[in-house]
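Please read this briefing alongside the sequence and the structure.

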Amino acid sequence: MANASSLTILEISAIFLSITALLTYVNQRFIGLPTTIGVMVISIVLSMIAIFLGFLGFDQLIDYEVSLLNRLDFTEVLLDGMLSMLLFAGALHVNIGDLKRYRLPIGILACIGTIVSAVLIATALYFMLPLLDFGIPFIWCLLFGALISPTDPIAVMGILASAGAPKSIETVIAGESLFNDGIGVVIFVLLLGILSSGDIPTANYVAHTLAVEAGGGIIFGLGLGAILYYLLKSIDSYQE
């Protein structure tokens, strides 16, 4: 087994993509759950097996996994890389007219729903971890809640399509899954700022963070999308 410290980010990404593809095949071939749920279930089972083997003294696999993850920069790989591709892929299948029609429930679910979800997850984690002799402060539980609350738009749309959900429900839930990532990022950044500085952020700081993370992203996306639309419209090459 190669030393994880000698691997590049590209090689590590290739390893994770290959593992995901293998787990997807196993789910489709032998389990038959929706793809996202099946891959998650198999991953949890494999993680529990690795932890159990670690208790038995076979901890080389866990050590390798830890060294592999330590090579990754969370912001660079997830927030700046994978998240943008997931949102783009999800937005391709959403109709703007439908989003406008259901903007109120989408906005309520994306804003209030994400906050409520983060608080509920944090509360459950705060009371469950001491049962495992691993208690942590509540604000760290909130940080995890903000991280885990936003849903994957691709997974959501895939599950809704396979379930045959009505178009209105599909639009609302898919739209919410696209916008709750921005709310989750703002909550995560605010909580991380509190943990870093130890100070409670002011209303101006919250408004500025929301404007930069959400409003700035919208403006940048609209500008970049308009330029790309103009470039594609000006040529007649479908291969591009």
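A crossing is left-handed if the near helix is turned anticlockwise from the far one by less than a right angle, and right-handed if clockwise. The crossing of helix 7 with helix 9 is left-handed. This is a predicted model, in which local features need pLDDT of at least 70, side-chain atom pairs count only at pLDDT 80 or more, and totals for chains, interfaces and linings use all residues. Residues are numbered from 1 along each chain as its sequence is written, and side-chain values use heavy atoms, with hydrogens and water left out.

**Helix pair**

- Helices (DSSP runs of H or I, at least four residues) are numbered from the N terminus.
- The axes (lines fitted to C-alpha atoms over the stretch in contact, with angles from 0 to 180 degrees between N-to-C directions) of helix 7 (residues 138–148) and helix 9 (residues 167–197) come within 8 Å and cross at roughly 155°.
- Helix 7 is therefore roughly antiparallel to helix 9 (an angle over 145 degrees).
- Contact means heavy atoms within 4.5 Å; among the residues making it are Trp140 and Leu147 of helix 7 and Gly184 and Leu195 of helix 9.

**Nonpolar cores**

- A nonpolar core is a set of buried Ala, Val, Leu, Ile, Met, Phe, Trp, Tyr and Cys residues joined through side-chain atoms within 4.5 Å, where buried means under 20% relative accessible area (1.4 Å probe, protein chains only).
- The largest nonpolar core has 10 residues, including Ala122, Cys141, Phe188 and Ile194.
- Helix 9 gives the largest share of this core, five residues.
- Apart from this core lies another, of six residues, among them Val94 and Leu178.

Key
Helices (H or I, at least four residues) and strands (E, at least two) are DSSP runs, numbered from the N terminus. Angles under 35 degrees count as roughly parallel, over 145 as roughly antiparallel, 65 to 115 as roughly perpendicular and the rest as oblique. Buried means under 20% relative accessible area, exposed over 50%, partly exposed in between (1.4 Å probe, protein chains only).
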